[in-house]
Structures are given as structure tokens and as C-alpha cells.
Amino acid sequence: MKLAYYPGCVSQSTGKEMDASTRAVCTALGIEIEELADWNCCGATHVSNELVATGLAARNMAQTDLPIMTACSICYSNLRTAEERLKEPEVLARVNAVLDKKYREAEVRHALDVILEAMPDGDERIVLPLKGLLVAPYYGCLLTRPAGLYSAEFPVILETLIKRLEAEPVDFRKKTACCGGPIFMPQEKAADDIAFGILSEAKQAGAEVIVTVCPLCHLMLDAKQKILEQKKGEKIGIPVLYVTQLVGIALGLGPEELGLFMNTVSPMGIVEKAYERMANES
Amino acid sequence: MPEDKRDDKAFKNEVLRLAGSEALTCIQCGTCSASCPTANLMNPSIRKLIKLCLEGRRDEALHNETLWLCTSCLLCTVRCPRGIRPKAVVSALKEIAGREEKKSKDASYEELFVKQIEQNGRIAELPLTAEFLLVFPQGMVSSMQMGLELLPKGKIGIEIDKIRGKDEVKRIIEELRG
């Protein structure tokens, strides 16, 4: 199946490793993607007018007849919300009145879901099973809310994926809690406290790595981790990987392809440990 | 009319128009406040904010930190037993606050964000941050800290990417607003 890939604005800045690892994993798994033509910003969490937000999403969705895949949970949530709203004839008419290419219908998928489908249990392409690696499954908000495919309260898809890579999901109480990201510029203290709470919780749960599905969660937990450690006077030191990076490691892809050197907290210790374990076993 | 009974019906109706009339069915159970990650910092709480809207108390509903402490996490929205979308009420209030002359730093951030989309079709984080710091210079130190983390990793996008359909995007924002 071929998909239109919607990279989102962060793919060109703070989320470069999300974009690189998504493309690399898709290639490795034979998932055919073509970049969505002339895509625009989805509005993230900063467009308060719902009709405008719907219009921005509709323009993206009208660019292709293919199912649309994104690795960003914010883009994903916005497109799915718009898809629901556009089922109302009045909304559809108002939006289509301003669009060049008219919106008809769309199928929106998160990269996580596409990857899981393309990589069955016991897939032989998993050349580096992550046996014994303790992973905190961090969903954040917008993969499951509001109109996701998954349970908004008790999602399990990340645990399923982690187990498929033969790693071990830890029991993580804050797995669906917010990272504070959307308010980190104007309300820094509030956002910092929330993000640090997630990191502390992951540490207490014994996680060796946190896996995320959202570039804003990643920014808060990885890019800000050292700053937060200094502010709070407590060491965390847990690498935070995009789900596509974790999958890519298990598929034996190289650190350059997966953008692993772009992470602030280096995940290379985890990669080396996995290779050592494999060498000892064989 | 006594001071505490001011009821701005036009304001209430505008909130309901933007956020959905189901807000009228709010029973003040507080599930939204109990679910909110920043509830401890909010005054009024999200529950009270909805009540303020329903009582047409425009000033108190519009001019508070609560609106800007909302992280858009949507827990309130998936949990509300009445099917109300409290986050949509917050968005409606932000929209109305954005129409006012004098804007808070938070409202300015949203305005700059939308302005960037309007101009280019996409967001470039560096120019957005730079513009915001002109409004809110107190954010300079932490922005520099972040920059020092991101710059050596090549994760600061300096170029502004303009899309071909930027005029269409501008039209979407101009014509669907309101």
C-alpha cells in the first residue's frame, strides 16, 4: 500500500530525527511513501478558531487521494478531528468554499499504526531484538485524544509494539499524561514542572528509555532534560526515543539514518548494550 | 442590576456558538478540573470558567491566566460525562480575547503563530521565537538555553519555507475566521 507522508513543520527543525527515522523505517519495512504535495502547517495547538483549524487540515487532506500518514501526534490529532468535523455538511460547504482543491474524504493514519501493521510478530527483519530493555511507553495526549483509534484512557498499542521488538514495557502511571509542551514558551514554569514529573515517574518505574510518538513530548523530555535536571537538582539521564527510532534500532538500521546523534540524551548506550547482548548470546 | 448579576448574553451566545451549545448542559461536576494537568495553577478552575461563561460574566471569563494554562491535552474533553468540550470553551475564549486591542503575552504568541502560517503556510521555530521575544523579553534566557541544546544538533531551522499555496492558506485563515 502506498501512503502520502505528511512530515509536519517540526520535520525541518526540532523533529529532524523523527522525520529521518520515519523515512528510514518505512524504507526498511517496504512501506511506500510519497511526501504530501505542498503541505501546510496543521495549526498545532495554537489555532483557537476551530473552523480555521479544520480548513488548514482540509487543505492538507485535499492534496491527495492516498491515505495520509504522519509521525506527529499533533498533526495526527488535528487531521482526525477535522476529518470528523468535515462530515457535517455545513462545515464541509464552508471549508470547500475557500479551498482550491476540494476536500472529499480522507484516511489518516499514525506512523505507529502503519509500522505495527507492516511488522508482524516474529518478523525476521527484527535483527536486533531488544531483549530485556525496559521501555516506558509514553503516549502523551494527542495520539489517543480526542478522536483516535485507541482507548483514550487505557491504550496498549505502544506496549504491543515494544513487546514485538522483544523489549519490556514498564508499568508507567503517567503514560497518557500531558508533557506541558504547548505552553512551554509563555508559561515556562508550569510546563517545566509537568515535564519533570513525567521524567521522574519514568525513572521511578525503572525505565532505561522512554519512547514517544510526538515531537513536542520529545522536545520537553529530551531536548529539555538537561535544563530540567539543573533546575530541579535531580539527575534523570534517560534517553528518549521516537518510536520510529526504537523500531529502527531493532531493524538494525544505523545511528545516522535514525538521527540518533541528534538526541540530546545519547541513546547510544542502549544500542551498544543490545549489540553486546546479542554477541554474548550467539 | 447588581454588580454580581451582570449577564452579558451576547458574550454567552458567542461562546456557545464557537464551542457548542452542549455547554448549557454542564452540571458542574468538576471532572474537567480533576483531569486538568495545570488545575493547581488555575484561578478560576476550568469548571468555574464554564460557569462564568454561562452566567455571561465576560470580564472574569476572558481576563485570567486559566485560558493560557490550558495545554490542549483534551483529557477534560474525553472525560466530560455530558459530552461537553471544555477545551473548546477555552479555545472560544482565546478567540474572543484575541479580538481585543490589548493582548496578553500568551495571546500575542498565538497571534504570531497564526501570522506565520498566514505568511508562509508553515511554521519556522526560530523566527517565531525571535518575534515572541520582542513581545516577551523575559523569555530570552530560557530560549537561549534551548538554543544551545538544539543548535549543535542541527535542529534549528533557520530558513523560512514558503509553500506554493500560501495565498490559499491566507484565504483559509481570513475567510473562515469569524
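Okay, secondary structure to start with: chain A comes out with eleven helices and eight strands. Keep in mind that this is a predicted model. The radius of gyration of chain A is 19 Å, and the globule rule gives 19 Å for 282 residues, so chain A is as compact as a globular protein of that length. If you're thinking about box sizes, the C-alpha atoms of chain A fill roughly 60 × 45 × 30 Å along the principal axes.

How much of chain A is buried? Buried residues account for 57% of its 282 residues. On contact order, take the contacts in chain A between residues at least 6 apart in sequence: 79% of those join residues at least 24 apart.

Now the sheet. There's an open one in chain A with four strands, in the order β6-β5-β7-β8, and the pairing is parallel. Which strands stand at the edges? Those are β6, residues 168–169, and β8, residues 240–242, of chain A. Each has a single partner strand, so one side of each is left without a neighbour in the sheet. Looking at the β8 end, strand β7 of chain A, residues 209–212, runs parallel to β8(A) and is joined to it by three bridges. If you want a pair to click on, A:Ile210 has A:Val240 in β8(A) as its bridge partner. Then there's helix α10 of chain A, residues 243–250, which packs on the sheet and touches both β7 and β8 of chain A. The direction of α10 makes about 85 degrees with that of β8(A).

On to the core. The largest nonpolar core has 145 residues, and the members touching the most others are A:Ile68, A:Val211 and B:Val89. The largest share of this core comes from α7(A), with eight residues. Let's zoom in on A:Ile68. Leaving out residues up to four places away in sequence, A:Ile68 touches a list that includes A:Leu3, A:Tyr6, A:Leu36, A:Met61, A:Leu79 and A:Val108. A:Glu107 is also one of the residues touched by A:Ile68.

Last bit, the interface. Here 44 residues of chain A are in contact with 52 residues of chain B. Which helices of chain A each supply at least two residues to that side? That would be α2 (50–61), α4 (89–96), α7 (188–204) and α9 (225–232). Of the elements on that side, α2(A) gives the most, with six residues. And by residue class, the side of chain A that touches chain B divides into 22 nonpolar, 13 polar and nine charged.

Notes. Residues are numbered from 1 along each chain as its sequence is written. Chains are lettered from A and ligands numbered from 1 in the order in which they are written. This is a predicted model: local features need pLDDT of at least 70, side-chain atom pairs count only at pLDDT 80 or more; totals for chains, interfaces and linings use all residues. The radius of gyration is taken over C-alpha atoms; the globule rule is 2.2 Å times the number of residues to the power 0.38. A residue is buried if 20 or more other C-beta atoms lie within 10 Å of its own, exposed if 12 or fewer, and partly exposed in between; C-beta atoms are placed from the backbone. Two residues are in contact if their C-beta atoms, placed from the backbone, lie within 7 Å. Ala, Val, Leu, Ile, Met, Phe, Trp, Tyr, Cys and Pro count as nonpolar, Asp, Glu, Lys and Arg as charged, and the others, Gly among them, as polar. Two strands pair if DSSP finds at least two bridges between them. Axes are lines fitted to C-alpha atoms, for helices over the stretch in contact, and angles run from 0 to 180 degrees between N-to-C directions. A nonpolar core is a set of buried Ala, Val, Leu, Ile, Met, Phe, Trp, Tyr and Cys residues joined through C-beta atoms within 7 Å.
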